[in-house]
Amino acid sequence: MFDSILERHLVESLKRAFEYLGHSVHSTDLIVHGHDMIKNESDKKKVWSEIEKALDFTPDLFISFRPMNLLPEMVEVIKKKCITAIWLSDDPVLYKTCYSLVVDSYDLMLHCGSEKIISFYHAKGHKHGINFPFWTDHHAFPPVYNPLEAGEEVLFLGNMNGQVRRKRYFEFAKLPNKKKIFGLLDSDPLGIHGGFIKEAYLNCDLVSQTIKNFRISVSIPQFFDEYAGLHYDFPELRSLGYFQFPSRVIQYIASGIPVAAVGQEDMKFAMPEIEVSSSINGLESYISKVISDFDFAQSESKKVLSRFRKSYSSLARAQHLLYILNNMEEIRSMSPGKKATQFLEFESSYSEKTY
């Protein structure tokens, strides 16, 4: 497992799952941070050094978690030794700045997106990918939800700063309930900022301690049309929609907290246990019911926790990836729709006691 996004629990939890299944895993942790292909010679030297260590492990599979840090010539060296896979955590926003430059170097492309996004890659001639959405485990995010003890009402985990994210501050603010945002803000004119969890990327327990104080969680995704004119923008981006499952949603359901999310039908299809509406106003009645009815809140909590354990745990992802590796030709021949939803067929029996 080569490199890492800032949320270390993604790589760490997948490592735990593979080890539980009997595999040996070498993980590098974060090497170089950035969204563009590496250019600095000292960074390249550092990456080459980590490649050597990884190949000394004689892996069967090499997974890149930060695609911008492996140049095509580096991937070619690795491919001589093992199967290579690339995971696209910011799919498709980084398509112009790095993904389009490297995805075809790999044997396998692991998307984070709906059928619409996979169809885009097909149209561009990239056909060896499959949806592999965010995951975690209970080591990182244990089930902490208890509405009888939660003194706060509505939670939003995530940043609301900059051109892309600022708009959702005012969307979230429309909710009539007591609400708090935990993340980066440009300003807080309405006084709904709960603070920034400074060490959250390194210490998931700090996030869990925040989640357990609330009765319901909200997710408003980044819509790709908000990237207009930015460094990441490309002609097709705005038509590709939004991030279907931001990592916060997976953290929410792993924690057992009910979720109200702004999104479309593809989101509801892949996670039917959460409440989905195309607008924040459409979520108000559900939010109010969860807040006021503790029995209903507990029932909704059980549903999202069950979905997490079946379809969004690191164990489910590990099992799916092993299947993919043994059926590469079948995967390549699938339709974009099938590629977008096949992960749902791998229902793990995961719980706090599994490992």
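## The second largest pocket

The second largest pocket has a volume of about 490 Å³. A pocket here is an open set of points on a 1 Å grid where a 1.4 Å probe fits, with protein on both sides within 12 Å along at least five of seven lines. The volume is the space filled by probe spheres set on the points.

This is a predicted model: local features need pLDDT of at least 70, and side-chain atom pairs need 80 or more, while totals for chains, interfaces and linings use all residues. Residues are numbered from 1 along each chain, and side-chain values use heavy atoms, without hydrogens or water.

Lining the second largest pocket are 20 residues (an atom within 4 Å of a point). His23, Ser24, Pro59, Asp60 and Leu61 lie nearest its centre.

## Aromatic pairs

The whole structure holds 23 aromatic pairs (Phe, Tyr or Trp rings, the six-membered one for Trp, with centres within 6.5 Å; planes under 30 degrees apart are stacked, over 60 edge-to-face, the rest tilted). Phe182 and Phe214 are edge-to-face, because their planes stand at 85°, with centres 5.9 Å apart.

Phe308 is buried at 0% relative accessibility. Tyr350 is buried too, at 3%.

## Cluster and charges

Phe65, Trp87, Phe132, Phe134 and Trp135 form one aromatic cluster. Lys289 lies over the face of Phe296, at 4.3 Å.

Conventions
Buried < 20%, exposed > 50% of the residue type's maximum accessible area, 1.4 Å probe, protein only. Lys NZ or Arg CZ within 6 Å of the ring centre and 35° of its normal.
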